[in-house]
Amino acid sequence: FETGAASPWTIYGSTAVSADAAYKMGGNIDQLSTVLDRANVIENNYATSIYKIAEGLPIVASTASMANMTIDETMAALGTITAKTQETGRKAATALRALILNIEGEIGTVIDEETTITKESVESMADALRKYGNEAVKAAQKTGQLVDPMEAVRSLAEAYARGDLTDQGLFDILKTLGGKLRVNQITTLVKNFDTFEEMLNK
């Protein structure tokens, strides 16, 4: 629990409300309790907090849900970025939302006052996934289905680990997301995909 932050009950409430609205849980107490339990596990085992996850969820949860990401994946992605960069949940969520929207091709969507999803940024991401995507990603691209955002990140992570994708190459793919800080956050998610998977399976 962070000094000067909202009360724990406000944080739990915010997390539950965001999860409930985005993932249409219908106020199911068991499902919402599971969400809060997972957020607690992330806070207890990594250098991040429920506060950061609660801060980020309202920004990215509905976008993630529409892209077929689970609530667990969304929280693990926020947890990985905030734990490894020590940035706020708001900044991590904005970066994650920009990534998802570029993967899904949502041209014209406004991320913030300085960044809008463009045809160029969408095509850059699509080209990268055609080159580095795993079978699941390439199959989705071919059939016109939604590309699973975390499979896309996994593909980039595996290409980076193999040495097929360099630091400069990764930067070139992500630079259209808007600003060095945002690129750094998604780069961190790619380079620490093992942490994401660990959080997901704890």
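## Close-up views of the predicted model

**View 1. K191 is partly exposed, with a relative accessible area of 38%.** Partly exposed is the class between buried (under 20% relative accessible area) and exposed (over 50%), computed with a 1.4 Å probe on protein chains only. The model is predicted: local features need pLDDT of at least 70, side-chain atom pairs count only at pLDDT 80 or more, and totals for chains, interfaces and linings use all residues. Residues are numbered from 1 along each chain as its sequence is written, and side-chain values use heavy atoms, with hydrogens and water left out. The side chain of K191 forms a salt bridge with that of D167, at 2.8 Å from N to O. K191 sits in helix α10 (residues 180–191) and D167 in helix α9 (residues 167–174), so this pair ties together parts 24 residues apart in sequence. D167 is partly exposed too, with a relative accessible area of 44%. Helices here are DSSP runs of H or I with at least four residues, numbered from the N terminus.

**View 2. K119 and E123 pair within helix α6.** A salt bridge is a side-chain nitrogen of Lys or Arg within 4 Å of a carboxyl oxygen of Asp or Glu. By this rule the model has ten salt bridges. The K119–E123 pair is one of them, at 4.0 Å from N to O. Both residues lie in α6 (residues 119–132), four residues apart, about one turn of the helix. An α-helix has 3.6 residues a turn, so residues three or four places apart point the same way. K119 is exposed, at 53% relative accessibility. E123 is partly exposed, with a relative accessible area of 39%.

**View 3. Further salt bridges involve E87 with K91, and a network of E151, R154 and E197.** E87 and K91 meet through their side chains at 3.8 Å, N to O. K91 is partly exposed, with a relative accessible area of 40%. In the network, salt bridges link E151, R154 and E197.

**View 4. Helices α5 and α8 pack together.** Two packed helices are described by the angle between their axes and the distance between the axes. For α5 (residues 89–104) and α8 (residues 149–162), the angle is about 95 degrees and the axes are 10 Å apart. That makes α5 roughly perpendicular to α8 (a label for angles of 65 to 115 degrees). Each axis is a line fitted to C-alpha atoms over the helix stretch in contact, and angles run from 0 to 180 degrees between N-to-C directions. L99, I100, I103 and E104 in α5 meet P149, A152 and V153 in α8. Contact means heavy atoms within 4.5 Å. The contact residues divide into six nonpolar, no polar and one charged. Nonpolar covers Ala, Val, Leu, Ile, Met, Phe, Trp, Tyr, Cys and Pro; charged covers Asp, Glu, Lys and Arg; the others, Gly among them, are polar.

**View 5. Helix α9 has four named buried residues: G169, L170, I173 and L174.** They span an arc of only 125 degrees around the axis, which puts them on the same side of α9. The arc is that of the directions from the helix axis to the C-beta atoms. These buried residues pack against α5, α6, α8 and α10.

**View 6. L78 is buried, at 1% relative accessibility.** L78 belongs to helix α4. Leaving out residues up to four places away in sequence, L78 touches I53, G56, L57, V60, G89, A92, A93 and L96.

**View 7. T195 is buried, at 10% relative accessibility.** T195 lies in helix α11 (residues 193–201). Again leaving out residues up to four places away in sequence, T195 touches Y46, T80 and K84.

**View 8. K24 has a positive phi, and Q86 has one too.** Most residues other than glycine have a negative phi. K24 is not a glycine, yet its phi is about 50 degrees. K24 is in the loop between α1 (8–23) and α2 (29–45). K24 is exposed, with a relative accessible area of 71%. Q86, also not a glycine, has a phi of about 60 degrees. Q86 is in the loop between α4 (71–85) and α5. Q86 is partly exposed, with a relative accessible area of 47%.

Definitions and conventions: Helix = DSSP H or I, 4+ residues; strand = E, 2+ residues; numbered from the N terminus. Parallel < 35°, antiparallel > 145°, perpendicular 65-115°, else oblique.
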